[in-house]
Amino acid sequence: MPLTKTTWLRTGAPVAVLALALTACGPFGEKGDTSENARHTSPSGVTDGRQSGTQKVGMRSEGEPPLQPGQTGTRAFKEDTGVEPTYRITAQKVDIGTAAEAKALVSNPADAEGKVPAVAYVKYTHVRGATVKEYPRVGDYAEVYADGRRGAKVTGTAGRPEGCADSDEIKNWRSGQSYLLCNTFLIPARARSVEVMWTEIGGEPFVWTF
């Protein structure tokens with residue numbers, strides 16, 4: 001099933017790893033978006049649809065009809081290194097964790113009150129174009145929405161389940177090669193609908209419903 005209730009959090013992770021920051025941003029790369037450089041900065045705090053400094057959780061806009069799990073979208077994407085390969089993007093599933101796992105992912109348990117972790121599993125295939133020599137950022141742009149509202153992104157290794165690749169360890173990504181990249185968000189425990197959205201700054205989104 002594409003949307004599953006599962007225990008995915010790695011066990012035995014040190015407290016230093018689990019004490020993670022959450023980031024929130026607008027859905028189309030507005031000011032305050034941290035998705036592009038989430039692996040290089042870790043701003044603290046959680047936004048939950050209310051103002052928090054200069055950041056605000058964004059609402060998903062209505063665009064093209066949503067895709068189903070496993071369907072693909074193809075898009076050229078300019079990487080930070082300057083190359084612009086074309087990727088085939090496929091949201092495969094979303095795993096929903098437990099309230100206890102959500103609290104284990106944050107330094108302040110109050111930040112996870114009423115929340116559960118949702119992991120988006122997205123497969124990226126380099127279709128054509130230049131080799132991405134290092135640090136592909138295409139996977140940073142996948143986000144989880146619950147009831148139309150973006151969740152709070154979890155950064156750090158504890159938010160990446162086993163089987164998911166680490167973008168910072170991918171080297172020489174060539175045409176024909178695929179990687180499964182995963183992003184974890186905290187969403188309301190009683191959310192009725194879950195979507196995965198991938199969009200580049202200023203681009204039209206791909207949206208998958210689960």
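Predicted model: local features only at pLDDT ≥ 70, side-chain atom pairs only at ≥ 80, totals over all residues.
View 1. Cys164 lies in the loop between strand 9 (152-154) and strand 10 (171-173), while Cys182 belongs to strand 11 (residues 178-188), so the pair ties together parts that are 18 residues apart in sequence.

View 2. Seven aromatic pairs turn up in a search of the whole structure. Trp173 is buried, at a relative accessible area of 0%, whereas Tyr179 counts as partly exposed at 23% relative accessibility.

**View 3. Five aromatic residues join in a cluster: Phe77, Tyr141, Trp198, Phe206 and Trp208.** Ring pairs provide the links among these residues. Look also for Arg75: its charged end sits over the ring of Phe206, 4.2 Å from the ring centre.

**View 4. Lys171 places its charged end over the ring of Tyr135.** The distance from that charged end to the centre of the Tyr135 ring is 4.4 Å.

**View 5. Stepping back, the chain has two helices and 13 strands.** Of its 210 residues, 48% are buried. Among contacts between residues at least 6 apart in sequence, 75% join residues at least 24 apart. The chain exposes about 9,900 Å², and carbon and sulfur atoms supply 48% of that area.

Key:
Residues numbered from 1 in each chain as written. Heavy atoms only, no water. Helix = DSSP H or I, 4+ residues; strand = E, 2+ residues; numbered from the N terminus. Buried < 20%, exposed > 50% of the residue type's maximum accessible area, 1.4 Å probe, protein only. Contact = heavy atoms within 4.5 Å. Areas by Shrake-Rupley, 256 points an atom, 1.4 Å probe, with all protein chains shown as cover. Phe/Tyr/Trp six-rings, centres within 6.5 Å; stacked < 30°, edge-to-face > 60°. Lys NZ or Arg CZ within 6 Å of the ring centre and 35° of its normal.
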